[in-house]
Amino acid sequence: MSKVIAIDGPSGAGKSSVSRIVGEKLGFLHVDSGALYRIMTWQALEKKINTDDPEEVAKLATMVDIECRPEDGHIAYYVEGEAPGNKIRTPEINAHASKVATVKAIRDYVTNLLRGMTEYGDIVVEGRDITTAVFPDSPARFYLTASAEARARRRQKEEVEKGIANQSAEAVKASLLARDQIDSTRKYAPLKKADGAIEIDSSDLTLDEVVQLVMEKVNEAFG
């Protein structure tokens, strides 16, 4: 049976970087669940769907077919043969993603995709409801967090490196806090620390230190 490392936390807490490195070290496939919601958001905008209308957004669950393929240590996603790339990493997608992700039909669709990925082998999955709703029985569950200031710095640096930065640090921080509010108060599968999950505050830790902490706990969990 495939092993699952589940990592939750707010935007900018370091989930992606930690998950990728842990996956590389352990030979687990890295799974970015947030990218699936961004893909659904991208498709909503492409199809001119009003993201303020949950009933219209719900229709996407039967309209969009996301293909998942294991590639180079991670699960890659394709829509009609196209890899979305940075099309799903723009401020416009950021502004609409939380609204799309609150719709139950969309969350159910993504949850089913994620659970099916265990057929490819051991996986490390990052997101916002992985420890609570998707893989609540995993023995290796983590909640990564950090101060709003630290998260905003990281997110802005990430956008600069990807060549898509057009927001000030304060604007990035405001966007993150707005996303936190929506994610933590949504009715279905809200962002929260799961009972039994190991919390790590990375505000004053290096990436290597966080990875080391996670690795130690994963080794304990899986023996």
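My entries run from the whole chain down to single residues.

**Ground rules.** I am working with a predicted model, where local features need pLDDT of at least 70 and side-chain atom pairs count only at pLDDT 80 or more, while totals for chains, interfaces and linings use all residues. I number residues from 1 along each chain as its sequence is written, and side-chain values use heavy atoms, with hydrogens and water left out.

**Overall fold.** I looked up the secondary structure and found 10 helices and 7 strands in the chain. These are DSSP runs numbered from the N terminus: helices are H or I with at least four residues, strands are E with at least two.

**Size.** I noted a C-alpha trace spanning about 50 × 40 × 35 Å along its principal axes.

Buried means under 20% relative accessible area, exposed over 50%, and partly exposed in between (1.4 Å probe, protein chains only).

**Contacts.** Of the contacts in the chain with a separation of 6 or more, 75% come from residues 24 or more positions apart. A contact here means heavy atoms within 4.5 Å.

**Aromatic pairs.** How many aromatic pairs does a search of the whole structure find? I got 1. Phe28 and Phe222 form this tilted pair, at 6.5 Å centre to centre and 40° between the planes. Ring centres of Phe, Tyr and Trp (its six-membered ring) must lie within 6.5 Å to pair; planes under 30 degrees apart are stacked, over 60 edge-to-face, and the rest tilted. The pair links distant parts of the chain, 194 residues apart: Phe28 is in the loop between helix 1 (15-26) and strand 2 (29-32), and Phe222 is in helix 10 (residues 207-222). I find Phe28 buried at 7% relative accessible area, whereas Phe222 is partly exposed at 25%.

**Thr111.** I located Thr111 in helix 6 (residues 104-116). Is Thr111 buried or exposed? Its relative accessible area is 8%, so I filed Thr111 as buried. Setting aside neighbours within four places in sequence, Thr111 is in contact with Asp129 and Val134. I also checked Leu36, 75 residues from Thr111 along the chain: their C-alpha atoms are separated by 9.8 Å.
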